[in-house]
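Please look at the sequence and the model before reading on.

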Amino acid sequence: MKQLKSLAIVVILFIGTQVSAQTKVAHIDVQALMTSMTEMKTAQDQLKKIQETYDKEYKGMVSEYQTKGQKYEQEAATAGDVLNETRQKEMQDMGSRIQLYQQTAQKELGQKEIDLLKPIMEKAQAAIKKVAKAKQITYVLDATNGSGVLVADGEDLLAAVKKELGY
């Protein structure tokens, strides 16, 4: 019976050693990889142009709002109550349109960013998987700052993945 227990312990230790010997872990800074990709620079430039367009339109709307507000304020004393009420409603409507425009612009910009970054991320992930498979790595951790990886002492795949992507 004692020999059977000893044999079971040896088998468990042997199997555990074999399993852990087969598991290879590596890490990569995905953010550094993506910022080095030329597609990322193109996407960032596109997003910047869209942002500038939205900003220009927004600033134009705000400027018009302020100009009308100042004009109406100066003329309020001489304008009648009915005209002042109409102008006040007009200003409220303009303020609402500006707010709605800003919200819509932020939403559209966020969606455009997702649309532009998704294929870049997929390309990076495909390259990471290919390199990991070629190196027989079981797990690849994201070593980007703030990703939760505190110590990354294993193999760093950044250079190999960049090479795979042609960078």
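In this predicted model, helix H4 bends by about 30° at Leu 117. A proline, Pro 119, follows the bend residue within four residues.

**H4 along its length**
- H4 runs over residues 81-134.
- The 54 residues of H4 should span 80 Å at 1.5 Å a residue, and the end C-alpha atoms lie 79 Å apart, so the two values agree.

**H4 with H3**
- Helix H3 covers residues 38-75 and packs with H4 at an angle of about 175°, the two axes being 10 Å apart.
- An angle over 145° counts as roughly antiparallel, so H3 is roughly antiparallel to H4.
- The residues in the contact of H3 with H4 comprise 19 nonpolar, 6 polar and 12 charged.

**H4 with H5**
- Helix H5 is made of residues 158-165, and its axis comes within 9 Å of that of H4, crossing at roughly 115°.
- H4 and H5 are therefore roughly perpendicular to each other.
- The crossing of H4 past H5 is right-handed.
- On the H4 side the contact is formed by Lys 123, Ala 127, Ile 128, Lys 130 and Val 131.
- These residues meet Ala 160, Val 161, Glu 164 and Leu 165 of H5.
- Of the residues in the contact of H4 with H5, 6 are nonpolar, none is polar and 3 are charged.

Conventions: Residues numbered from 1 in each chain as written. Predicted model: local features only at pLDDT ≥ 70, side-chain atom pairs only at ≥ 80, totals over all residues. Heavy atoms only, no water. Axes fitted to C-alpha atoms, helices over the stretch in contact; angles between N-to-C directions. Helix = DSSP H or I, 4+ residues; strand = E, 2+ residues; numbered from the N terminus. Parallel < 35°, antiparallel > 145°, perpendicular 65-115°, else oblique. Left-handed = near helix turned anticlockwise from the far one by under 90°. Contact = heavy atoms within 4.5 Å. Nonpolar A, V, L, I, M, F, W, Y, C, P; charged D, E, K, R; others polar. Expected span 1.5 Å × (residues − 1). Bend = angle between axes of the 7 residues up to and from the residue.
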